[in-house]
Amino acid sequence: MLKNFETFHGIVVFLSGNFIYSCHRMVRIAILLFLCSLFSSPQDEKSLSYRVIQREIDIDADITDWKGLEAEIVKEREHLWIGQGMEIENWQGPADLSFQWRAARSGNSLYFLFEVIDDIISPFNRDNTWLNDCIEICIDPGNRRGQRKDTIDGEISLKGYELHFLPSQPAHAFLNDEQSPYFVDRPQDELFKTRWDGEMAVRYTPNGYIMELAFTLPDIELVNGIELGIELAVCDDDGNGRINLMTWTGIQADYWLSMDSYGSLVIGKAPDPEGLH
Ligand SMILES: [Ca+2]
Ligand SMILES: [Ca+2]
Ligand SMILES: [Ca+2]
């Protein structure tokens, strides 16, 4: 009897030990998963996507022709890009800097509308575009990711574009960084107009400005279903150089160098569900 009891007791202790061990193991795994979620890289975050539908837009700084198109809103602390002298403490909230954007297309023309909230319009007296109030559109036309430009035999080869637009009156465009390092006094408005079929219009509002843009991407046909990689950003200078920068994705990456963190611009309507028309 005593022997049976000892055997039974031994089994209970063994099973309890296993149970406690399993619990400890599960707790350790849970802690590990929690820590992994805290330190996951930006590339693990769900990437953003915007579907571009057909709509003809007049570039006249009148936004009524955008009615009904979906807007992406960029106004949270998480959208601030931090670094190069920009700190969270600089940002005085959405009235200091925030924006929403929309896109549309017609044929090969891409249209963008930026509605920017900014309390003070830049004097545009900084040498480099990005140190003033400035809109930036980075595009990976082939959605190939990787570095935006390569240097081969001393020659810069662009895989993607970094476009800058100054919301000055008149507005100015800056397109190709292998030709111009984004100096305010060297705009590429004529190239934008001729090579890119570009148009732009700015209007100041009581709390900021709006900018309408149209352009075609050189050598790219906007076929339904294709995806472009894209990042959108707005810089804020309130008179003493750039203090804030907000991006659509909010990912803390060097987006002007690497296209890995871009969201997607999907061309064309979503396909109809099978059997439904
Ligand atoms: Ca318009
Ligand atoms: Ca501001
Ligand atoms: Ca400003």
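This is a predicted model: local features need pLDDT of at least 70, side-chain atom pairs count only at pLDDT 80 or more; totals for chains, interfaces and linings use all residues.
## Strand E5

Strand E5 spans residues 134-140, and seven of its seven residues are buried. Cys134, Glu136, Cys138 and Asp140 point one way from the strand, while Ile135, Ile137 and Ile139 point the other way.

## Pairing of E5

E5 is joined to strand E12 (residues 227-237) by seven bridges, and the two run antiparallel. In this pairing, cysteine 134 stands opposite cysteine 235.

E5 also pairs with strand E8 (residues 161-166), again antiparallel, over five bridges.

## Nonpolar core

The largest nonpolar core has 53 residues. Those touching the most other members are Phe112, Phe114, Phe165, Met211, Leu213 and Val234. Leaving aside residues up to four places away in sequence, leucine 213 touches Tyr111, Phe112, Phe165 and Met200.

## Backbone features in the loops

Most residues other than glycine have a negative phi, and most peptide bonds are trans. The loop between E5 and strand E6 (149-152) holds asparagine 143, whose phi is positive, near 50°. Arginine 145 is in the loop between E5 and E6 too, and has a positive phi of about 65°.

Asparagine 143 counts as partly exposed because 17 other C-beta atoms lie within 10 Å. Arginine 145 is also partly exposed, with 16 such atoms within 10 Å.

The peptide bond between glutamine 169 and proline 170 is cis, with omega about 5°. Proline 170 belongs to the loop between E8 and strand E9 (172-174).

Notes: Residues are numbered from 1 along each chain as its sequence is written. Chains are lettered from A and ligands numbered from 1 in the order in which they are written. A residue is buried if 20 or more other C-beta atoms lie within 10 Å of its own, exposed if 12 or fewer, and partly exposed in between; C-beta atoms are placed from the backbone. Helices (H or I, at least four residues) and strands (E, at least two) are DSSP runs, numbered from the N terminus. Two strands pair if DSSP finds at least two bridges between them. A nonpolar core is a set of buried Ala, Val, Leu, Ile, Met, Phe, Trp, Tyr and Cys residues joined through C-beta atoms within 7 Å. Two residues are in contact if their C-beta atoms, placed from the backbone, lie within 7 Å.
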